[in-house]
Amino acid sequence: MKRVLFLLLTAALALVFLVTIAQDRHRGWVKYQRQFLGTLKGAERRGIARGVHQTIVQGLDRVDRCTTCHLAATKPQLGLAEQPFTAHPGQYLQWHPVEKFGCTVCHGGQGLATEVKAAHGEVPHWEEPLLRGPLVQASCRQCHGEVSTIQEHAPLLVQGQQLFTAKGCYGCHAVHNFGQTVSVDLSEVGAKSHQLIEADFEMMPGPHNRIHWLRRKLAHPRVLNPGVPPEALPRGEEEVFPSSMPFFGLEMADIEALSVYLLSLKAEDLPASYVRPPHTPPEPTYASAVTRGRAVYEHYGCTACHGIGGVGGRRNPNNGLAEEAPSLLYVKAYYGDHVEALKQVIRQGRQPAPRADPHRPNPPLYMPAWKERLSEEDLEALIAYLFALSDRLPAAAVGDLL
Amino acid sequence: MAEPQLPKPPLMTLVKKTKLWKSIFRHDFTDTPKTRIQRIFGNVFLHLHPVRVSKEAIRVSYTWGLGGLSFYLFLVLTVTGILLMFYYRPTSLLAYQDMKDLTFAVTLGGFLRNMHRWAAHLMVVVVILHMVRVFLTGAYKPPREYNWVVGVILLVMTLFLSYTGYLLPWDQLALWAVTVGAQMAANSPLLGNEGPFKLPFITTANDARFGLIGGTVINDATLIRFYVLHCVAVPFIFTFFLMVHFWRVRKDGFSKQTGEKVDVWPHLVSREFLAALLVTLILFVWSLVLQAPLEAQANLNVTPNPSKAPWYFLGLQELLVYFDPWIAGVVLPTIIVIGLMAMPYVDTNPKGVGYWAKMGWRKVGPVPIWYPVERPFAVNVFMLGTLMWFVLIFIGTYCRGPNWEWYWPGELWSHRRLTKMTLKNIPNLWGALLMGAYFALGTPLPQAIKARLSRLAGPKAPRLASLLMHAGLGMTMALAIFIPILTAPDAEYPVRSNSPTLFEALGRSTNAPVVSAMYRLVQEAGAGGYAMIGVMILATGALLGWLGVQLAKLKDRLFEQKGLIKYSLIIGLFLMMMGVIGKILLRLLFGVKYVFSLPAFNFNI
């Protein structure tokens, strides 16, 4: 009995051990390497070692094992038509030698991994997914501070950056010390941890990753944060408003461009030798105070709440003025004779915005203080622009108001 | 050429004649009584065994080999641990990268890590089961009390080894599991910077947390500290206690000595070998099939919700719901350890050594119950404690989701769900009365007083006195729970407590099940509702009193048998254990947060 048991257990143990070794010998990459080497002639094989290939990038503290499977990435003469054996397209590797940059610093993914899904970062608990297709442009900004110089290669990134200003995102969001603090700082949104957006994932279908989340948020801001109505709350708790980020009605192309730009926003921790800092733009000149005021209005992101050209209409729950951020078309009518009062409002802001119903919470959007950000000249120009806005109103309407 | 060919002696025979062979293998291997003995005491690794042992004692179903397997798992962990140390650098920049290297590049690296991880979990389980076995077979009773204490120390060290190892992968799981423990240390009474009654010289730079993790947050200092503790310091001390443990097993003799004796070689040694083989096979398959978890790299800026301690500490973490960290994390574990260590010294019942606790059937009213015949109190209390420990672990593991909210196993977690229970405190005077009455339930009625009572007021007087005492205490407790809940102003919603009626305030201020039920009674039945609530309070008091009366006989007997000191220890520990259940019920049913609270001293119960 004991002898039989002994034999059986020993045999089973030996078997399991062999299975373990076999499994270890046949990791995912082995298949690809064999497949690739099979397509080569004897002479070509020289110089291609079997086993895990890795690039140790000293300057970036990275170890990338991507070339274990992507064997022709750095050898264009051996490139095949299908993945993972294609050669790296373009001249990018000449400009960014693999020894100095590695792969993952641009493409994302998990450089240390040697299994397909894990290496592409498409597994739980890996925060850097592979940046597929044009999304890879997001990585350029880590070093190229001045993205306009690489517009040819990163068109979406440049477009996204321009859109970010044009849509007035800076009015609520700060990026590296520029922009307001009404909503979250976006300086590191491109590296935002999955665990911080878990609650948002509950409100969206499809792949639960940062890229998808950004697209969703840009397309339908309120869907991810619908708030909690009072009837769903325990007694005595205050209701939670839905996200008050305005619905911008962005096109798919715009969303893609903005996603690329937002993904490019990460902590800047690359060594100085890699980085090309942005050059300071020359002081712009303006034809008139109104043009300058308009530039100020757009530059600082007033459009986000007050609308393009000050038409207003952005939703702000429980705000005194019909639950909307105020339109600026009537500024002249209200403050035409009280410019100092208007300046005061812009300088100090309105925090919080007046409530429509005193029993409900404060409106989430409010007028921030601008006194530290706007110079006196800019303020004058801005007011000139705001007063000029009322010219767009039909004459009769202005007449009625006055 | 016709030389006669001498038959050549076989090679082995020649080898066995060499000095070299003889100096290593001191005896031959034929199976004779002599060699059986020689194998045991001629071998440094086997000589911990006696030469002969009772046939009954080595039955698998007596010990299940649990003690030996604990040691074997310790060996497995040592070997896999040493191998892992070749690939591991304990700095925050490299540790996580080394985990990835183990998984993706090192030959059998992932397997090695899995095996170390699963063997550690298995060792915790096996050590606990070993302790339960020793308890249920009475193997902690004299002369083995001291070895039981050593065993408890080894259990604590097993848990600590596992805990220190938990940090080393340097992933989110590790960081936040260890943070839970570190926070508990910061909340130690006297020695913790955030604990009650902290001593005047205690700061963040010299409190218990600093001692544990070398800072206020987990960082490189913690990693190297835990690395040294895990790989060197604790195993070193562990080995010493292990030696004492084994030495005492030999010196005190095995707990079962009766019956026919057999040779340890081959009867016991073969069983041990097979058990080790079986466990190795289980570990191999386990490590092949299930990967050890590795989450994202540790990041102090991102707290996972929920962050859970390692499973064997989840019972304590679950207790954090019901108690402040200094109780759940420091006082209760200390009491558990002290209680376990004290057990062989206060349990003076000589019965039940050398066989599994005898069980019998008894009828309580119409309900048949299965109960331990020979030492009912000891077995029941121990098993209740063990059961509680595992029930709390189960709840912590499977029933707690984001914000430590209750989720049924399999229910989908939601990070948007809001806390449902509102809580309030019982004012201190009522709380002191409640706790006082509760612990006064432990008062026995000694024989001397009983005798005097029956002399003074007839033979029924002692019973009546006991009944009065327990009923009084029960009623006091019921009142001390209900009156403050009904009348005390609510700290968190002071405005709402100004509502017109008592029960209006009640219904608005907390939504605990019992309180809501009372509110609805009043709403729907008016005066009848008030009457029913009154009856409910009386019934609760009567129930508590009845429980006290049930215990009275046992208490009086224990007091007579054990004397004052042992009795106080036993009943104190027992009441504290049941008090934990009581506090859990108070919280879940009545929405009571603290029974007694001194915020100025961080002292809340």
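This is a predicted model: local features need pLDDT of at least 70, side-chain atom pairs count only at pLDDT 80 or more; totals for chains, interfaces and linings use all residues.
## Basis

Local features need pLDDT of at least 70 and side-chain atom pairs count only at pLDDT 80 or more, whereas totals for chains, interfaces and linings use all residues. Residues are numbered from 1 along each chain as its sequence is written, with chains lettered from A and ligands numbered from 1 in the order in which they are written.

## Chain B overall

The C-alpha trace of chain B spans about 130 × 70 × 50 Å along its principal axes. Chain B has 21 helices and six strands; these are DSSP runs numbered from the N terminus, helices being H or I of at least four residues and strands E of at least two.

Of its 605 residues, 35% count as buried, that is, with 20 or more other C-beta atoms within 10 Å of their own, C-beta atoms being placed from the backbone.

## Domains of chain B

An automatic or database domain assignment sets the bounds: domain 1 (19-48), domain 2 (53-356) and domain 3 (428-604). The centres of domain 1 and domain 2 of chain B, taken over C-alpha atoms, are 35 Å apart.

Five residues of domain 1 of chain B are in contact with six of domain 2 of chain B; contact requires C-beta atoms, placed from the backbone, within 7 Å. The domain 1 side has three nonpolar, no polar and two charged residues. Nonpolar covers Ala, Val, Leu, Ile, Met, Phe, Trp, Tyr, Cys and Pro; charged covers Asp, Glu, Lys and Arg; the others, Gly among them, are polar.

## Contact with chain A

Chain B contributes 33 residues and chain A 31 residues. On the chain B side, helix H6 (95-104) and helix H12 (264-289) are the elements that give two or more residues. H12(B) gives the most, with nine residues. By class, this side of chain B has 17 nonpolar, nine polar and seven charged residues.

Methods. Two residues are in contact if their C-beta atoms, placed from the backbone, lie within 7 Å. A residue is buried if 20 or more other C-beta atoms lie within 10 Å of its own, exposed if 12 or fewer, and partly exposed in between; C-beta atoms are placed from the backbone.
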